[in-house]
Amino acid sequence: MPAWVPGWLGWWVSGDYDVARQVLQRGVAVLLVLAFAQVVTQFRPLLGSHGLLPVPRFTARVPFRTAPSLFHWRYSDRLATGVGVTGAVLALSVVAGLPQLGPWWVPALVLLSCWALYLSVVNVGQRFYGFGWESLLCEATFLVAWLGSDREAVPWVSVAAARWLLFRLELGAGLIKWRGGHEWRDLTALDYHHETQPMPGPFSWHAHHLPHWWHRIEVVGNHVTQLGFPWLLLLPQPFPSVAGAVVVVTQGWLVLTGNFAWLNWAAIVLGAGMVSDGVWRTVGTWFGVGHGAVVASASASSSFVVVSAVVAVGLLVLSWWPARNLVGPRQLMNASFEPFRLVNAYGAFGRVTRRREEVVVEGTDAGWPGPEAVWREYLFRGKPCEVGRRPPQVAPWHLRLDWALWFVPLGTPSGWLVVLLRRLLEADGPTLRLLRSDPFGGVAPVWVRARLFRYRFTSRAERRVSGDWWVREEVMVIVDPFRL
């Protein structure tokens with residue numbers, strides 16, 4: 001370390017977070033690989049030139065200053081695929097640890113490139129990228145870019161920024177629940193949530209049928225972990241390590257009982273990144289791992305200290321708006337206060353729906369959609385369809401079309417649903433590849449329609465008799481039969 005750094009800026013760096021740096025940089029990079037892979041596989045049918053919500057129409061009406069994106073310069077499906085492939089390759093290099101072998105600016109440049117590319121996608125993604133974990137991934141990517149390389153000691157301010165991110169993520173989620181529906185305050189939320197969440201997982205049926213007293217414990221535990229433990233992040237070690245461990249355990253339970261894309265996994269990465277090297281060494285001795293398992297960096301270059309200081313000041317200024325949002329009477333959930341998504345507000349499920357309604361899409365090759373027409377159902381990869389299919393495990397992969405369909409019965413704008421039906425009438429290949437099963441084998445149907453069904457989990461007795469996971473009944477037709 002340069003001689004002037006210990007004199008008056010030695011406190012700016014820390015030798016106690018080398019493991020945390022590896023966890024945060026490589027963990028966020030793994031999530032980036034998944035996110036960019038989805039750009040390659042899902043962006044074109046959802047947002048491409050012939051997609052459900054075409055990007056060129058969006059960029060024509062929304063200026064660059066509102067939604068900065070590479071696609072304001074030009075858009076093509078080939079360019080979108082190139083963004084996905086380039087981002088995935090850059091993120092894979094961080095997972096492998098290659099940029100971290102060079103000077104501090106090499107991983108910074110690689111991760112900032114990932115941030116800029118993914119921001120370009122999110123800012124034009126509209127309904128299909130309108131989720132809190134998109135801003136979370138953007139913010140986390142920008143943050144870990146300033147953790148440095150293996151040659152540098154970790155700046156303490158970057159550690160503090162990671163704590164501040166996890167603090168807002170957890171406390172924001174806790175406050176939005178406490179201020180939201182009464183079901184969180186009367187401890188009944190999880191009587192319904194396992195069944196009505198956007199995309200149940202393989203163990204959601206079992207979690208739903210746990211005793212009511214256990215659901216009360218779950219809600220109380222949620223309040224304690226999201227409203228109480230985040231404050232430990234503001235204290236000296238080992239308290240942040242304890243808070244991080246609690247986040248890892250509680251988010252692990254959510255991984256088992258639902259499919260929330262990479263939200264839970266991002267929280268787990270952040271939670272594990274709160275643990276200091278000293279705590280890791282202590283844990284290592286418990287399991288017989290030698291003290292040499294953690295090797296701390298010894299120095300930091302003057303340029304890295306200065307740049308990290310400038311970034312820290314900028315993030316501090318931007319933190320005013322999300323901090324005010326936390327204490328304000330009208331808390332915003334999953335909001336960005338500037339177009340670069342650097343310091344955001346988070347939260348989830350301020351209210352819990354008590355019944356589940358699903359859109360069922362059907363087609364027929366009959367000449368007329370009368371009573372004699374035989375309708376066949378299009379099956380989706382993740383959302384409930386046939387009653388005998390066990391809910392699958394798809395997270396941390398994000399099935400964007402399935403998630404968007406969950407919001408349709410809740411009244412969110414869904415003009416894109418009619419476009420989806422038109423693409424099915426065209427037997428559009430990229431659209432059909434988003435589905436699990438095309439009942440017409442790639443041949444265009446004559447008519448399509450969309451119906452709304454109410455779903456509920458079978459009881460234990462019903463499941464013993466039928467073997468089904470769901471019971472469903474029709475509510476109404478939401479899109480009448482039509483053809484090209």
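Helices (H or I, at least four residues) and strands (E, at least two) are DSSP runs, numbered from the N terminus. The model described here is predicted, so local features need pLDDT of at least 70, side-chain atom pairs count only at pLDDT 80 or more, and totals for chains, interfaces and linings use all residues. Residues are numbered from 1 along each chain as its sequence is written, and side-chain values use heavy atoms, with hydrogens and water left out.

Val255 lies in helix H12. This helix covers residues 239–257. The expected span of a helix is 1.5 Å times one less than its number of residues.

Buried means under 20% relative accessible area, exposed means over 50%, and partly exposed lies in between (1.4 Å probe, protein chains only). The buried residues of H12 are Pro240, Ser241, Ala243, Gly244, Val246, Val247, Gln251, Val255 and Thr257. An α-helix has 3.6 residues a turn, so residues three or four places apart point the same way. Contact means heavy atoms within 4.5 Å. The cover over the buried residues of H12 includes helix H7 (156–179), helix H11 (212–228) and helix H13 (263–272).

Val255 has a relative accessible area of 15%, so this residue counts as buried. Leaving aside neighbours within four places in sequence, Val255 is in contact with Asn264, Trp265, Ile268 and Gln393. Trp265 is ten residues from Val255 along the chain, and their C-alpha atoms are separated by 7.8 Å.

Helix H6 spans residues 132–144. Its 13 residues should span 18 Å, and its end C-alpha atoms are 18 Å apart, which agrees. H6 is mostly covered: 13 of its 13 residues are buried.

Cysteines were then examined. A disulfide is a pair of cysteine sulfur atoms within 2.5 Å. The whole structure contains zero disulfides. Cys138 is in none, and the nearest cysteine sulfur, that of Cys114, is 11 Å away. Cys138 is buried, because its relative accessible area is 1%. Cys385, at 2% relative accessibility, also counts as buried.

Ser158 is found in helix H7. Its relative accessibility is 6%, so Ser158 counts as buried. The side chain of Ser158 reaches the backbone oxygen of Trp146 at 2.9 Å. A polar contact is a pair of N or O atoms within 3.5 Å; within protein, one must be able to donate a hydrogen and the other to accept it, and residues adjacent in sequence count only if both atoms are side-chain atoms. Not counting residues up to four places away in sequence, Ser158 touches Leu143, Trp146 and Leu147.
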